[in-house]
Amino acid sequence: MDCYEKTTRLLVRLEQQLRAQGLWQHSPPSEEALASTEPFAIDTLTCAEWLQWIFLPRMYHLVEERLMLPTQFNIYPYAEESARLEPELAGVLPLIAELDHWLGGANQ
């Protein structure tokens, strides 16, 4: 399995877990919310929204186009802190930790 295939599998599992936890939304946030320039769009989106509407689409694009995957990757601390306000995120934390490990150096 190549790095793109492994990354795709992790992303699909993350999406499935977001859905299973009831965090998946059917309507996107406003254009203004999505246009945030803050890290993780922390000023306009919840962590679950950021994962669904920004992170996953960008990562799927990188994989589909076979572009370089991130090598400095560490979103777990953000997700862990966010889980204090979004307890449902606890179900996705193990997958985020796995993504951090994989994209933070294991895929090199």
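Tutor: Seven positions named in helix 1 are buried, namely Tyr-4, Thr-7, Leu-10, Leu-11, Leu-14, Glu-15 and Leu-18, where buried means under 20% relative accessible area, exposed over 50%, and partly exposed in between, with a 1.4 Å probe and protein chains only. They sit on the same side of helix 1, because they cover an arc of only 140° around the axis, the arc being that of the directions from the helix axis to the C-beta atoms. The model is a predicted one, in which local features need pLDDT of at least 70 and side-chain atom pairs count only at pLDDT 80 or more, while totals for chains, interfaces and linings use all residues. Residues are numbered from 1 along each chain as its sequence is written, and side-chain values use heavy atoms, with hydrogens and water left out.

Helix 1 itself runs over residues 3-20, which is 18 residues, and spans 26 Å from its first C-alpha to its last, close to the 26 Å expected at 1.5 Å a residue; the expected span is 1.5 Å times one less than the number of residues. Helices here are DSSP runs (H or I, at least four residues), as strands are (E, at least two), and both are numbered from the N terminus.

Just after helix 1, Gly-22 adopts a positive phi of about 75°.

Next comes the packing against another helix. Two packed helices are described by the angle between their axes and the distance between the axes. The axes of helix 1 and helix 3 (residues 47-64) come within 11 Å and cross at roughly 160°, where axes are lines fitted to C-alpha atoms, for helices over the stretch in contact, and angles run from 0 to 180 degrees between N-to-C directions. Helix 1 and helix 3 are therefore roughly antiparallel to each other, since angles under 35 degrees count as roughly parallel, over 145 as roughly antiparallel, 65 to 115 as roughly perpendicular and the rest as oblique. Their crossing is left-handed, a term used if the near helix is turned anticlockwise from the far one by less than a right angle, with right-handed used if clockwise.

Within helix 3, Cys-47 is buried at 2% relative accessibility, and its C-alpha atom is separated by 15 Å from that of Asp-100, 53 residues apart along the chain. Tyr-60, also found in helix 3, is buried with a relative accessible area of 18%.

The loop between helix 2 and helix 3 holds Leu-45, which is buried at 6% relative accessibility; Leu-45 and Val-12 lie 21 Å apart, C-alpha to C-alpha, and 33 residues apart in sequence. Most residues other than glycine have a negative phi. In that loop, Phe-40 has a positive phi of about 60° although it is not a glycine, and Ala-41 has a positive phi near 50°. Phe-40 is partly exposed at 24% relative accessibility, whereas Ala-41 is buried at 2%.
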